[in-house]
Protein chains: 2
Amino acid sequence: MTEPRLTAIVARVSTMREVAALAGVSGKTVSRVINDDRYVSAEVRERVQRAIAELAYVPNMLSQTFRTGRDNAIGVAVPDLADPFFGAVVQAVTERARERSVAVLITSLGSRPQDEQPAAESLLRRHIAGLIVAPTSDDHRYLQPWRAGTAFVFIDRPPRHLAADAVVQDDAGGARAAVEHLLANGHRRIAFIGWDLTLTTIQHRRDGYRAALRSAGVPPDHRLERVLDPAVGPSAALAALSEVADPPTAIFSADSQTSIALVPELHARRNRGLALVSFGDFPMAAALRPSVSVVDQDPAALGDAAAERLFTRVDHPTRRLRRQIVMPVRLQVRQSSARPRVR
Amino acid sequence: MTEPRLTAIVARVSTMREVAALAGVSGKTVSRVINDDRYVSAEVRERVQRAIAELAYVPNMLSQTFRTGRDNAIGVAVPDLADPFFGAVVQAVTERARERSVAVLITSLGSRPQDEQPAAESLLRRHIAGLIVAPTSDDHRYLQPWRAGTAFVFIDRPPRHLAADAVVQDDAGGARAAVEHLLANGHRRIAFIGWDLTLTTIQHRRDGYRAALRSAGVPPDHRLERVLDPAVGPSAALAALSEVADPPTAIFSADSQTSIALVPELHARRNRGLALVSFGDFPMAAALRPSVSVVDQDPAALGDAAAERLFTRVDHPTRRLRRQIVMPVRLQVRQSSARPRVR
DNA sequence: CGGGGTTCTGTCACCGGTGTCAGGAACGGC
DNA sequence: GCCGTTCCTGACACCGGTGACAGAACCCCG
């Protein structure tokens, strides 16, 4: 055994047994030093630490987690990481995880519901401690076998056929506030444009839209409710709206995806006085002319809340907590929701 | 042993030995069925598969990876996931990884260089097969011990003091093309605004900016080169530029972060004919009035290239390949780079 | 009918840590 | 001097799969 050289250049990761051999102790004693066990003499501890430094030893987390049966990691599954909303959610989750030295496994689910289960199981088979999921499917029973070992927190949309935590937004309330704001500015003919009515979030926003109209005594008009066909984009929907007798003076856009598609189209048509409020902020909304009024969702706060709840479940599996957390949304009034032009 | 019921409700994940017991075979035979080993009789295979379905067995990846010593996962480390550029990169990487059934571990590095090493090591100690990193630090020697077991691909910025693959953009060429375009449109006084000149990417863009001016015989003017102070934002820089004798008629913004801050400010000042080209596309750039001309980086292509290179290194550790991959960038001409107004 | 090859299945060790337990040394109190 | 307690260290099994190897059954061919 050569004399320890602290400056050694190490070209390979070493194992605990190599450290033990170099320090002249058993593997278990090295383990004790790593884990700050109090029952190690100062002299031995010193020797082991020198050996660790000498070999640039880093514990193999694979075997640690294997031994305990639980990976010190959480999973995050969202439809699309390139979507700034989910990007911000994931960013917040990774920050909370790092504070706890927990690794984050990530997967994108895409938009096809049938892809959710295999993607989620690819994370679960690693026996992660918890999973944060923004679901795309309508049936989460497949998660049942994993509940004993893994905590689940749903975000954006609640679980179906499974009892689990959910952090959602006040979809109906936010939509209602947006439409009430348009009503207060004198709009009576207000259109609803959404992207995918099979999503419960969009349904709730439509419910809020309708409730606001009802409360104001404005008669509903199904011709003003439009679903966007992703193949053709928003131009067809706008054309159809303009052909309605007594056409709308304002649009409530039910999600930022729709708004992002809608805005260039409105600009291209020179936007004949059509007001707009978007559910969901989006980049540059404030810099556009007119700047776009939005219902702001604060994705970072949502990510924080989801991570906090997940870690609470991991730390206290038996604690009783309300399953549903509703994040408030905030109406951010800008220029695009001004009064209708007098004709 | 009860008769197999395929409809069993399973409340717990089961192990291979439980499957083996139910099927009346050895654990190794179950392993063979899982891994599609050809030496299993049809009759046994059938029995084992029924037992797997009955118990809803999913292999424990923790032990698989532990046995082989290499985690079937790759790591991705980027400064900020909420940045749409990195979001799109990560989205592309996760798609490529999913095609290969490889898990993706993610971490955000933040902007402080000293945070990079601990964040990277938290991934590496899991013995991942590869790491894609957009570095924030200037010294990557700490990765040396891991090279034997882990492939490294740097993105956006090349490694320092370490020989490893890098997928970068044509920063100088893109900047040069942008500035040449402004020159062709008659601009002679062109400002450079960047966010952080310690980053090599920004340095290269400035080099391209200077080279374009030099080739055109336009005398350089250091007063037109500005670094943005993130604390005060772009207003101070714009004010300083407008006070220069013979002020600029165009701005070359060296990164999308800067552009995103700059655009609202230009709008607020009613943008007195100041042209703009941004290095890096950003959301809504096409929808703004005037729409913003950009040097488009295609982050998805960058993520694809990085993932492809990583998997090539993992599959063929000895193959000789060029270390540096330069992704082309594309000048996307829109309205904001038009000719200067005649005064 | 014997030898060689292929097919199928099981036994056992092993990956690299950690939990359990045992045992020796040192120390204090009566 | 004896017993009980605390301190320190090591031996050993174990987590759940898989690689190496052995052995049995069967087939084909000379």
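How many salt bridges are there between chain A and chain B? I opened my notebook with that one, keeping in mind that this is a predicted model. The count is 2. I looked up one of them: the side chains of A:Asp71 and B:Arg126 meet there, at 2.6 Å from N to O.

**Entry: how the two chains meet**

Next I looked at the whole interface. I found 52 residues of chain A in contact with 52 residues of chain B. Between them, the chains bury about 4,700 Å², and carbon and sulfur atoms account for 65% of that. I then asked which three residues of chain A supply more of its buried area than any other three. They are A:Leu62, A:Arg126 and A:Met284, which supply 15% of the area that chain A buries against chain B.

I also checked polar contacts across this interface, and the rule finds 12 residue pairs, both partners at pLDDT 80 or more. Then I wanted to know where on chain A the touching residues sit. Helices H4 (61–68), H5 (84–99) and H10 (256–268) each supply at least two residues, and so do strands E1 (71–78) and E2 (103–108). H5(A) gives the most, with 6 residues. Sorted by class, the side of chain A that touches chain B has 30 nonpolar, 13 polar and 9 charged residues.

**Entry: a strand pair across the chains**

What does E2(A) pair with? I found its partner in chain B: strand E2, residues 103–108. The two run in the antiparallel sense, and their pairing covers 3 bridges. For a spot to look at, I picked A:Ile106, whose bridge partner in E2(B) is B:Val104.

**Entry: inside chain A**

I turned to the domains. Chain A is divided into domain 1 (16–59), domain 2 (70–168 + 299–327) and domain 3 (171–297). I followed domains 2 and 3 of chain A, whose C-alpha centres lie 30 Å apart. Here 8 residues of domain 2 are in contact with 6 residues of domain 3. The area buried between these two domains of chain A is about 650 Å², with 57% from carbon and sulfur atoms.

Which residues of domain 2 lose the most area to domain 3 in chain A? I noted A:Phe85, A:Asp156 and A:Arg157, together 46% of what that side buries. By class, the side of domain 2 that touches domain 3 has 4 nonpolar, no polar and 4 charged residues. I counted 0 salt bridges between domain 2 and domain 3 of chain A. The rule also finds 0 residue pairs in polar contact across that interface, with both at pLDDT 80 or more.

Key. Residues numbered from 1 in each chain as written. Chains lettered and ligands numbered in written order. Predicted model: local features only at pLDDT ≥ 70, side-chain atom pairs only at ≥ 80, totals over all residues. Heavy atoms only, no water. Contact = heavy atoms within 4.5 Å. Buried area = accessible area lost by both parts, 1.4 Å probe. Salt bridge = Lys/Arg side-chain N within 4 Å of Asp/Glu carboxyl O. Polar contact = N/O pair within 3.5 Å; in protein donor to acceptor, adjacent residues only side chain to side chain. Helix = DSSP H or I, 4+ residues; strand = E, 2+ residues; numbered from the N terminus. Nonpolar A, V, L, I, M, F, W, Y, C, P; charged D, E, K, R; others polar. Pairing = 2+ DSSP bridges. Domains from an automatic or database assignment.
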